[in-house]
Amino acid sequence: MSLFVTELRRLGKRRLTRLMLVLLLVGLATVATAFSFSSQKLSPTVVAAAEADSRAQYQRATEEWKRTIAECEAAQARGEQTEERYGPNCGKDYQPQPDMFDPKWNLPYQFDFRAEFPMFIAVFAASVALFGFIVGASFVGAEWNTGGMMNLLLWRPKRLTVLSTKLAALLTTVFGLTVVLGALWTAAFWLIASQRGTTAKMTAGVWQSIGLDGLRALGMTLLVAAVGFALASLGRHTAMALGAAVGIFAVSEIGIRIAVAILGIQFGDRYVLSTYAQSWFLKQAELYDYDTCQFTQGACEPARYVVTWEQSAVVFGVALVAAVAAAFWTMRRRDIS
């Protein structure tokens, strides 16, 4: 039996892998199920009810306006000061208008597949990436911690081959899982939109855009899994990867934000990893500096800085290459015993 097949089977039979898979499936199913109940299809009956509510609100507002004017005029007849309480001209200039009561405001929430599904692709990617990171870190970290790596190298004394095969087995598993679950995730939300939402304006171009979003999600899950694997291999322990992840998050999301705020650096969020994650999924992230407002016709036009998905690809690509290269370099140079 080949080493690759052996590692695939080893990964699949690990209790943590199966536990994390169950948790992932339950979590995704819970999100989809709970969300399906929050959406309601806008049938003609529902739209008619919303329009009736708007007309009723307009009528009540008009009656209240008339009543207020009558009270104001009666108070004026008694010689009372009314401007402070009722406004100038007894509020006659503020008559409610029908367009102030848009029926859309009375409609229940309806899930729009075209507009909202890209957000759920990001939710899916984050869930599977977390799975890949924990499973990948544990896969190699446990081997080092229990001495399994040393035993394996006695049978196959090629360090880089062994490590690369383990990484390939992990990425193959994450790839297959992402593709299969991604298809089910898409089908589930398409069903929700069909039955309790809307699938309007779904053109070939929109499907192409969703497909590209899916590819970006796949790339992110593979990257996170590989980085978790590399960090655990560097520290020879699963906790190394988890600790490094917590440290990176703390430095990036807290430390850097505090530092750039103290130093007064413009567009400080361009140094934060979450900004690049956002731009990766949304194609770009826009940062604004409202301290540099230039007022045009009374409106503020702040300075703007755009982080593109191409920049995110460079940042994450460098991080991936650095982590994996360091893991393989240490595998080759360090004492295994």
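Tutor: Start at G247, which lies in helix α9, residues 238-263. Helices here are DSSP runs of H or I with at least four residues, strands are runs of E with at least two, and both are numbered from the N terminus. Residues are numbered from 1 along each chain as its sequence is written. The model is predicted, so local features need pLDDT of at least 70 and side-chain atom pairs count only at pLDDT 80 or more, while totals for chains, interfaces and linings use all residues; side-chain values use heavy atoms, with hydrogens and water left out.

G247 has 29% relative accessibility, so it counts as partly exposed.

Follow the chain past α9. F267 sits in the loop between α9 and α10, residues 273-282. Its phi is positive, about 55°, although F267 is not a glycine. F267 has 13% relative accessibility, so it counts as buried. Go on to K283, in the loop between α10 and β3, residues 284-296. K283 is not a glycine either, yet its phi is positive at about 75°. With a relative accessible area of 36%, K283 is partly exposed.

Next, turn to another helix. F120 is in α5, residues 113-146. F120 is buried, at a relative accessible area of 6%. Which residues does F120 touch, leaving aside its neighbours within four places in sequence? Contact means heavy atoms within 4.5 Å. By that rule F120 is in contact with F35, F111, W185 and F189. T186 is 66 residues from F120 along the chain, and their C-alpha atoms are separated by 9.0 Å.

Now the disulfide. A disulfide is a covalent bond between the sulfur atoms of two cysteines. Here the rule is a pair of cysteine sulfur atoms within 2.5 Å. The count comes to 1. This disulfide joins C72 to C90, with 1.9 Å from S to S. C72 lies in helix α3 (residues 44-77) and C90 in the loop between α4 (83-86) and β1 (111-112), so the pair ties together parts that are 18 residues apart in sequence. The torsion about the S-S bond is about -70°, so the disulfide is left-handed. C72 is buried, at a relative accessible area of 0%. C90 is buried too, at 5%.

Finally, step back to the whole protein. Its secondary structure comes to 11 helices and 4 strands. The radius of gyration is 29 Å, well over the 20 Å that the globule rule gives for 337 residues, so the protein is more spread out than a compact globule. That radius is taken over C-alpha atoms, and the rule is 2.2 Å times the number of residues to the power 0.38. The C-alpha trace spans about 105 × 50 × 35 Å along its principal axes. Buried residues make up 35% of the 337 residues. Among contacts between residues at least 6 apart in sequence, 74% join residues at least 24 apart.

Technical notes
Buried means under 20% relative accessible area, exposed over 50%, partly exposed in between (1.4 Å probe, protein chains only).
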